[in-house]
Amino acid sequence: MIDFRSDTVTQPCAKMRKLMAEAPVGDDVYQDDPSVNDLEVWTAHRHGFEDALFTASGTQANLLAILSHCERGDEYLCGQQAHNYKYEAGGAAVLGSVQPQPIENEKDGTISLDKLAAAVKPDDLHFARTRLLSLENTIGGKVLPMEYLASARKFVDEHNLLLHLDGARVYNAAVELNVDITEISKYFDSMTICLSKGLGAPVGSLLIGDADFIKRARRLRKMVGGGMRQAGILAVAGKMALTENVERLAQDHDNARYLSEKLGAIPGFNTFIYPVQTNIVYADVSQSIDIKSIAAELQKEDIIFSPSHKCMRLVTHKDVSRDDINVFLERLESLID
Ligand SMILES: *Cc1c(COP(=O)(O)O)cnc(C)c1O
């Protein structure tokens with residue numbers, strides 16, 4: 001199977017499975033699970049925060065973050081393309097009565113500070129209370145520039161807002177920029193990390209922030225049914241993901257650049273308008289190519305990607321090798337002729 005749909009499809013390796021089988025566990029709702037406790041303490045310290053919380057998913061971590069920062073009737077500013085606006089079933093609005101104020105992302109994934117300033121509501125009874133700015137890094141595979149992070153911090157301080165990072169793939173950003181993760185995390189009041197994407201753990205995310213914030217998030221996690229019991233089986237996989245699978249993300253980025261270049265050389269596929277920065281490749285597909293039937297054909301050979309209308313998105317990860325990419329390109333070309 002060669003699966004380009006997402007880096008969420010990565011399988012836990014033999015070493016990770018062994019660690020999981022042997023994990024010391026307890027009841028994490030009583031905060032008795034030594035493996036979860038170890039992961040949370042290590043994560044807080046590693047990223048320069050007071051505390052951390054292990055969550056069932058990135059969606060849950062973002063939900064808890066927004067609900068812990070904001071109250072009913074508050075709003076958060078975010079990108080129109082933000083995962084926590086577009087792809088999380090409207091959770092903050094549905095479950096927290098927190099209104100999103102989405103703003104169109106610029107081409108590089110940032111949100112213009114001028115547009116943000118115009119969207120911050122004055123203290124007036126007509127308006128929701130603007131409380132939080134939520135950024136995403138990477139966003140659509142793009143790395144937010146470091147200068148932008150610094151200017152966003154300055155912006156929130158001037159406007160008395162809090163700053164959250166949806167860092168589902170923040171390690172891809174750090175590896176690509178060749179900076180320590182704290183160079184990114186230091187700008188934020190809270191941050192999430194997905195363990196179950198390119199880092200290769202089977203389940204889980206982390207939410208990090210100060211002690212009071214994590215205390216509120218822990219209560220909310222219980223409320224939304226995310227209080228897990230012997231979760232240490234998952235936490236040891238997460239710890240291994242963070243300690244052993246970070247540096248290898250560079251290979252995924254190299255493979256993505258290779259894939260983009262070779263795919264772009266096939267007539268009808270334009271990858272050059274979407275320069276690859278991390279592990280996500282986009283291509284526009286010409287009208288003359290029926291990409292949906294090609295995808296169906298390749299699926300019969302266990303080569304999987306999700307086509308959309310005149311576009312394709314391919315994600316590289318640890319379970320797709322350079323050889324797999326060559327097989328995919330060869331099979332794709334053969335179906336076009
Ligand atoms: C995948 C992802 C999430 C959500 O993670 P799940 O674990 O799938 O819920 C949140 N934000 C971004 C940017 C993501 O890519």
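Is D180 buried, partly exposed or exposed? D180 counts as partly exposed, because its relative accessibility is 36%. Buried means under 20% relative accessible area, exposed means over 50%, and partly exposed lies in between (1.4 Å probe, protein chains only).

This is a predicted model: local features need pLDDT of at least 70, side-chain atom pairs count only at pLDDT 80 or more, and totals for chains, interfaces and linings use all residues. Residues are numbered from 1 along each chain as its sequence is written, and side-chain values use heavy atoms, with hydrogens and water left out.

1. **D180 and R46.** The side chains of D180 and R46 form a salt bridge, at 2.9 Å from N to O. A salt bridge here is a side-chain nitrogen of Lys or Arg within 4 Å of a carboxyl oxygen of Asp or Glu. The pair links distant parts of the chain, 134 residues apart. D180 sits in the loop between α8 (170-177) and α9 (181-185), and R46 in helix α2 (residues 34-47). Helices (H or I, at least four residues) and strands (E, at least two) are DSSP runs, numbered from the N terminus. R46 has 26% relative accessibility, so R46 counts as partly exposed.

2. **Other salt bridges.** The whole structure holds 23 salt bridges. One of them pairs E75 with K121, with the closest N and O atoms 2.8 Å apart. These two are 46 residues apart: E75 is in strand β3 (residues 74-79), K121 in the loop between α6 (113-119) and β5 (129-136). E75 counts as buried because its relative accessibility is 0%. K115 bridges to E106, with closest N and O atoms 2.9 Å apart. K115 is partly exposed at 42% relative accessibility, and E106 is partly exposed at 29%. Shared partners also join D74, R129 and R131 into one salt-bridge network. Side chains of opposite charge can pair when their charged atoms come close.

3. **The cores.** The largest nonpolar core has 54 residues. Such a core is a set of buried Ala, Val, Leu, Ile, Met, Phe, Trp, Tyr and Cys residues joined through side-chain atoms within 4.5 Å. L133, L135, Y171 and I184 have the most contacts inside this core. Helix α11 (residues 232-244) gives the largest share, 7 residues. A second, separate core has 26 residues, among them I2, A256, A283 and L329.

4. **L133 in detail.** Which residues is L133 in contact with, leaving aside its neighbours within four places in sequence? They are L77, I111, L116, F155, V156, L162, L163 and H164. Contact means heavy atoms within 4.5 Å.

5. **Two domains.** The protein divides into domain 1 (7-244) and domain 2 (248-336). These bounds come from an automatic or database domain assignment. The domain centres, taken over C-alpha atoms, are 29 Å apart. At the interface, 18 residues of domain 1 contact 15 residues of domain 2. About 1,400 Å² is buried between the domains, and carbon and sulfur atoms give 54% of that area. Buried area is the accessible area (1.4 Å probe) that two parts lose on being put together, summed over both. The interface has 1 salt bridge. It also has 8 residue pairs in polar contact, both residues at pLDDT 80 or more. A polar contact is a pair of N or O atoms within 3.5 Å; within protein, one must be able to donate a hydrogen and the other to accept it, and residues adjacent in sequence count only if both atoms are side-chain atoms.

6. **E176, R257 and T278.** R257 and E176 meet through their side chains in a salt bridge of 3.2 Å, N to O. E176 is also among the residues that T278 touches. Others on that list include T138, N172, D252 and A256, not counting residues up to four places away in sequence. T278 lies in the loop between β9 (269-270) and β10 (280-285). T278 counts as buried because its relative accessibility is 0%. The T278 side chain reaches the backbone oxygen of G141 at 2.7 Å.

7. **P12.** This residue, P12, is in the loop between β1 (2-3) and α1 (14-21). P12 has 15% relative accessibility, so P12 counts as buried. P12 and A241 are 229 residues apart in sequence, yet 9.4 Å apart in space, C-alpha to C-alpha.

8. **K300.** Helix α13 (residues 291-300) contains K300. K300 counts as exposed because its relative accessibility is 64%. A polar contact of 3.1 Å joins the K300 and E297 side chains.
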